[in-house]
Amino acid sequence: MHMETRRLLLRLWEETDAAELYRHASDPAVGPAAGWPVHADVEDSRRIIREVLSATETYAVVLKETGLPVGSIGLLRGEDANAPVTETEAELGYWIGRPLWGLGLIPEASEALLEHAFRDLECTAVWCSYYRENAQSRRVTEKLGFRYHHTVENEPVPLLGEQRTAVYTRMTRAEWERR
């Protein structure tokens, strides 16, 4: 399955994307802000594609003009989610390479995924969380219309072996339809 926006193609990750994934995921400003370590090498990125990014409803964010993946976006459900989702809810997660920050690409990709969540998957709500110090991610949730739900102090960040303050936001289907 894939989705298209004005500037992007959202498609499944492929192992052949490993070099481009490494190019962006090896940047220390990208992964740690989202709660995961920088990728060590192309083989590490290939392993992440196989073990993590191959999950259901996880997509490579591909620039139409280059055909190259520049980030990732997905919907987490059930036990895979960090947010307290019910069986009819999902959690939106995303990241994009630093050279593309501030271009509105993640809000654009998120709009497509929200439509998919509410129309195709019939979700009743979608959650989105970010770490308090991640101003870019906070801004994405604001642009999309997510509403503050709660904050968790000292939330474990298992992949980094630390704790952070996580802010949880939520959007119901009714709120999405009113936008």
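Contact means that heavy atoms lie within 4.5 Å of each other.

## Basis of the model

This is a predicted model, in which local features need pLDDT of at least 70 and side-chain atom pairs count only at pLDDT 80 or more, whereas totals for chains, interfaces and linings use all residues. Residues are numbered from 1 along each chain as its sequence is written, and side-chain values use heavy atoms, with hydrogens and water left out.

Helices (DSSP runs of H or I, at least four residues) and strands (runs of E, at least two) are numbered from the N terminus. V42 lies in helix α3. Setting aside residues up to four places away in sequence, V42 touches A18, A19 and Y22. V42 is partly exposed, at 29% relative accessibility; that class falls between buried, under 20% relative accessible area, and exposed, over 50% (1.4 Å probe, protein chains only). E133 is 91 residues from V42 along the chain, and their C-alpha atoms are separated by 28 Å.

P37 is placed in the loop between α2 and α3. With a relative accessible area of 38%, P37 is also partly exposed. Not counting residues up to four places away in sequence, P37 touches L159 and L160. The C-alpha atoms of P37 and L8 are 26 Å apart, and these residues are separated by 29 residues along the chain.

## Nonpolar cores

A nonpolar core is a set of buried Ala, Val, Leu, Ile, Met, Phe, Trp, Tyr and Cys residues joined through side-chain atoms within 4.5 Å. In soluble globular proteins, nonpolar side chains tend to be buried together. The largest core here has 30 residues, of which L10, I73, L92, L114, V126 and F146 touch the most other members. At least two residues of this core come from each of β2 (8-11), β3 (58-63), β4 (69-76), β5 (89-96), α4 (105-120), β6 (125-131) and α5 (135-144). The largest share, eight residues, is supplied by α4. Another core, of 12 residues, lies apart from this one, and L21, A25, I49 and A60 are among its members.

Helix α4 is mostly covered, with 12 of its 16 residues buried. Among the buried residues are L105, E108, L114, H116 and F118. The expected span of a helix is 1.5 Å times one less than its number of residues. For the 16 residues of α4 this gives 22 Å, and the end C-alpha atoms are 22 Å apart, which agrees. Just after α4, E122 takes a positive phi of about 55°.

## Aromatic rings

Two aromatic pairs are present in the structure. Rings of Phe, Tyr and Trp (its six-membered ring) pair if their centres lie within 6.5 Å; planes under 30 degrees apart count as stacked, over 60 as edge-to-face and the rest as tilted. The ring centres of W36 and W95 are 5.5 Å apart and the planes lie at 65°, so this pair is edge-to-face. The pair links distant parts of the chain, 59 residues apart: W36 is in the loop between α2 (31-34) and α3 (42-51), and W95 is in strand β5. W36 is buried at 15% relative accessibility, and W95 is buried at 10%.

A charge sits over a ring if NZ of Lys or CZ of Arg is within 6 Å of the ring centre and within 35 degrees of the ring normal. The charged end of R164 sits in this way over the ring of Y131, 4.7 Å from its centre.

T165, found in strand β8 (residues 162-172), is buried, with a relative accessible area of 11%. The side chain of T165 makes a polar contact of 2.9 Å with the side chain of E153.

S72 lies in strand β4 and is buried at 5% relative accessibility. A polar atom of the S72 side chain lies 3.3 Å from the backbone oxygen of Y59. Beyond its neighbours within four places in sequence, S72 is in contact with residues including W13, L53, G93 and W95.

Definitions and conventions
A polar contact is a pair of N or O atoms within 3.5 Å; within protein, one must be able to donate a hydrogen and the other to accept it, and residues adjacent in sequence count only if both atoms are side-chain atoms.
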